[in-house]
Amino acid sequence: RDIKYSLLRKVGAKAAYDRTRRKWFIYLTCLINNVEVGHVKAEIEKPKPYVNKKGHNVKPPSYVNSPGVWSKFKGLLFYDYAVNLMHERDLKTMVLVEGPRDALRLLSYNIPCVCILGTHSWTAQKSEVLEFAGVERLVLLLDGDEAGEQGTTHILDQSQGAFKFKVVKLWTYKI
């Protein structure tokens, strides 16, 4: 879905088959210092909404995290790739976004970026992982909705003093 295959290969993505659902998906490995801490299954095509047995409209997710608490504590998708990119360009800045697709778009322009896997998943452990990599400045580029605004406030509150920040307030832009 508009992400080049060559970039997916560079970030370590793999095609995988789910026998239960009889469907192909993209397996996005979350590597922290070359250790897999979890993964995200990405739908190849945007799932279509449907009506369930109870008559409720259901909008299936495009991305599903592997089970466990890894996403809360070490869930910085594309971390290794982004840190390497940051060091290659002799930068100390990392961009934080909510979702995998957002991160892949910025990475396609060689902008060091990690996906935090949702606005409420920011913890001190994630902050420490970034500090250890030499990140000094974070650019917060969360979605322009209420969750993005609340997530930005949460990250700023949890990371006081750890980084310099640039906040892009997408929720202030009128479309």
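Q: Which residues does lysine 126 touch, not counting residues up to four places away in sequence?
A: This is a predicted model in which local features need pLDDT of at least 70 and side-chain atom pairs count only at pLDDT 80 or more, while totals for chains, interfaces and linings use all residues. Residues are numbered from 1 along each chain as its sequence is written, and side-chain values use heavy atoms, with hydrogens and water left out. Contact means heavy atoms within 4.5 Å. On that basis lysine 126 touches Ser71, Lys72, Phe73, Lys74, Gly75, Leu76, Ile116 and Ser121.

Q: Which backbone atom lies 2.9 Å from a polar atom of the side chain of lysine 126?
A: Serine 71 is among the residues that lysine 126 touches. The atom 2.9 Å from a polar atom of the lysine 126 side chain is the backbone oxygen of serine 71.

Q: Which residue has its backbone nitrogen 2.7 Å from a polar atom of the side chain of glutamate 98?
A: Glutamate 98 is also buried without a salt bridge. Its contacts beyond four places in sequence include Cys115, Leu142 and Asp143. The backbone nitrogen 2.7 Å from a polar atom of its side chain belongs to aspartate 143.

Technical notes
Buried means under 20% relative accessible area, exposed over 50%, partly exposed in between (1.4 Å probe, protein chains only). Lys and Arg count as positive and Asp and Glu as negative; His and the chain ends are not counted. A salt bridge is a side-chain nitrogen of Lys or Arg within 4 Å of a carboxyl oxygen of Asp or Glu. A polar contact is a pair of N or O atoms within 3.5 Å; within protein, one must be able to donate a hydrogen and the other to accept it, and residues adjacent in sequence count only if both atoms are side-chain atoms.
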